[in-house]
Amino acid sequence: MEKNSFKNKLNDVIFVVAHYFEILISIIVIGVILYLMWDLVISLLGGSLSSITPQSFNSFLASALNLVIGIEFVKMLCKHTPETLIEVLMFATAREMVVEHLKTYETLIGILAIALLFAIRKYLFIKKEDSSILSDKF
């Protein structure tokens with residue numbers, strides 16, 4: 001029995017350490033996001049609006065969407081729910097479709113993937129208030 005108790009305590013310590021590493025990684029990612037946001041604003045304000053080309057706008061859009069995905073990633077690390085994972089996947093798929101200018105069939109696959117993610121979020125997740133209603137019925 002003593003070995004089982006030691007194993008349980010060791011598992012608890014490892015879990016807590018892993019949790020603090022997630023927090024540390026989140027802080028680092030937030031720092032990088034803040035730096036890149038500042039850099040994005042400076043680069044946008046540094047040039048004149050008449051010098052914006054489709055390529056530079058595409059680059060700006062890619063950077064902005066990468067920041068949004070980074071923010072969603074931090075939310076996923078802080079809040080371990082299926083909803084946050086689905087949101088990260090939706091933003092990543094949308095970013096790929098918008099920035100990379102995919103072929104028609106690849107865009108269709110991306111649209112279907114996003115539609116599937118929306119359906120999963122809407123029909124397969126039970127919200128807390130809905131789960132309490134279900135538990136009252138049974």
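A salt bridge here is a side-chain nitrogen of Lys or Arg within 4 Å of a carboxyl oxygen of Asp or Glu. Side chains of opposite charge can pair when their charged atoms come close.

This is a predicted model, in which local features need pLDDT of at least 70 and side-chain atom pairs count only at pLDDT 80 or more, while totals for chains, interfaces and linings use all residues. Number residues from 1 along each chain as its sequence is written, and expect heavy atoms alone in the side-chain values, with hydrogens and water left out.

By the salt-bridge rule, there are 4 to find.

**Stop one: R95.** Select R95 and E100. Their closest N and O atoms lie 3.4 Å apart, in a salt bridge.

Colour by accessibility next. Buried means under 20% relative accessible area, exposed over 50%, and partly exposed in between (1.4 Å probe, protein chains only). R95 is buried at 12%. E96 is partly exposed at 38%, and E100 is partly exposed at 39%.

**Stop two: helix α2.** Show residues 54-78, which make up helix α2. Helices are DSSP runs (H or I, at least four residues), and strands are runs of E, at least two; both are numbered from the N terminus. Select E72 and K75. Their side chains meet in a salt bridge, 3.1 Å from N to O. The two sit 3 residues apart in the helix, so about one helical turn separates them. E72 is buried at 8%; K75 is partly exposed at 38%.
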